[in-house]
Amino acid sequence: MSSSGIQTRQQTGQSAKAKKPTAKSTEVANTSVMEDTEHQGAERVMTDTEFKAFVVRSFIALDTYESRLCRLETEMSTITEKHNDFEKALQYQEQHVDDFQAIKQENMSLKRNFNGQQEEVKILKDKIERMEQYSRSFNLRFVGVPEEKSENTLEKIRDIVHKKFSLPKSCVEYAHRVGRIGDRPRHVICKFFARPDRRTILEKKKTVLKDEPYYVTTDLTTNELSLKKKAAPTLKRLYEEGKKPRYRSGKVYVDNIEQCLDG
């Protein structure tokens, strides 16, 4: 046998020996094949089940996301509208801020003018009050003098002044009745030419007219009359206490000391 033939056999024998599997390798190979087969089967079952569940979950999630998206879009739309309204309001305010400032300044000016006019009215009222008080400082008011039809009121008062107070009839400038005709005699306003004659009557009236149905008092302005009514309770109390109070311009004095008014 040639050497080449011997080598060929050896190679064939080695090849055959190398390809002959052992029992252990055969078992491992069989186990691997079985696991691959089971794994492929399990993957096939899970894929079908999970796919259906995945599809269902996907649709549910999609609906949820769509609802949220719609809600967000609505909220964004509302926020946008509010923002636009705010921008418009801001622009309006910016456009009219000058007008507002002008109106504010005008209002302040009107307020100052109003306060000034109030002060001016008060000053004018005080002036009118003083003028009226001065004019009435020549007057006296006769209360309760019997009233007759077609009487000469001036002559009646002149007779009283002359007979009761011993003053000339000519000291009386004029006399007239005031008020509505009723059951009681109306008051008589009498004006004197000189205030000393008027003062004489005021000083003697309590003694001279104490038995007469009428009396004499000062002719007060409306404001003075209101003040005297407020002082009346104090005057009455002081008289009852035996004091000699004096009333002047809304105030009560005793021995030239101002007294606190009651109430």
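**Pockets, cores and strand pairing in a predicted model**

I'll start with the largest pocket, which has a volume of about 1300 Å³. This is a predicted model, in which local features need pLDDT of at least 70 and side-chain atom pairs count only at pLDDT 80 or more, while totals for chains, interfaces and linings use all residues. Residues are numbered from 1 along each chain as its sequence is written, and side-chain values use heavy atoms, with hydrogens and water left out.

Some terms before I go on. Rolling a probe the size of a water molecule over the atoms shows where empty space is left. Here a pocket is an open set of points, on a 1 Å grid over the protein atoms alone, where a 1.4 Å probe fits, with protein on both sides within 12 Å along at least five of seven lines; lining residues have an atom within 4 Å of a point. Grid points are joined across faces, edges and corners, and the volume is the space filled by probe spheres set on the points.

Now the overall layout. Along the sequence the pattern reads α-α-β-α-β-β-α-β-α-β-β-β. Of its 263 residues, 17% count as buried, where buried means under 20% relative accessible area, exposed means over 50%, and partly exposed lies in between, with a 1.4 Å probe and protein chains only. Taking contacts (heavy atoms within 4.5 Å) between residues at least 6 apart in sequence, 50% join residues at least 24 apart.

Back to the largest pocket. Its lining has 29 residues, and L202, K205, T218, R246 and Y247 lie nearest the centre. Helix 2 (23–136), helix 4 (195–208), strand 4 (215–218), helix 5 (222–240) and strand 5 (246–248) each supply at least two lining residues. Which helix gives the most to this lining? That is helix 4, with 7 residues. By type, the lining divides into 11 nonpolar, 5 polar and 13 charged residues; Ala, Val, Leu, Ile, Met, Phe, Trp, Tyr, Cys and Pro count as nonpolar, Asp, Glu, Lys and Arg as charged, and the others, Gly among them, as polar.

L202 sits in helix 4. L202 is partly exposed because its relative accessible area is 25%. Leaving out residues up to four places away in sequence, L202 touches L140 and T218.

Helix 5 has the largest share, 6 residues. The division here is 6 nonpolar, 3 polar and 4 charged.

Next, the cores. A nonpolar core is a set of buried Ala, Val, Leu, Ile, Met, Phe, Trp, Tyr and Cys residues joined through side-chain atoms within 4.5 Å. The largest has 18 residues, and F142, I157, V161, C190, F192 and I201 have the most contacts inside it. Strand 1, helix 3 (153–165), strand 2 (172–178) and strand 3 (187–192) each supply at least two of its residues, and the largest share, 4 residues, comes from helix 3. Apart from this core lies another of 5 residues, including L235, L238, V252 and V254.

C171 lies in the loop between helix 3 and strand 2. Is C171 buried or exposed? C171 counts as buried, because its relative accessibility is 4%. Beyond four places in sequence, C171 touches V161, K191, F192, F193 and D197.

Last, the strands, which pair if DSSP finds at least two bridges between them. Strand 1 and strand 3 run antiparallel, joined by 4 bridges, and R141 has I189 as its partner in strand 3. Strand 2 and strand 3 are also antiparallel, with 6 bridges; A175 stands opposite C190.

Strand 5 and strand 6 (residues 251–254) pair antiparallel over 3 bridges. R246, one of the residues nearest the centre of the largest pocket, has Y253 as its bridge partner in strand 6. In that hairpin, with 2 residues between the strands, S249 takes a positive phi near 55 degrees. Strand 6 is joined to strand 7 (residues 257–259), again antiparallel, by 3 bridges. The hairpin of strand 6 and strand 7 also has 2 residues between them, and D255 in the turn has a positive phi of about 55 degrees.
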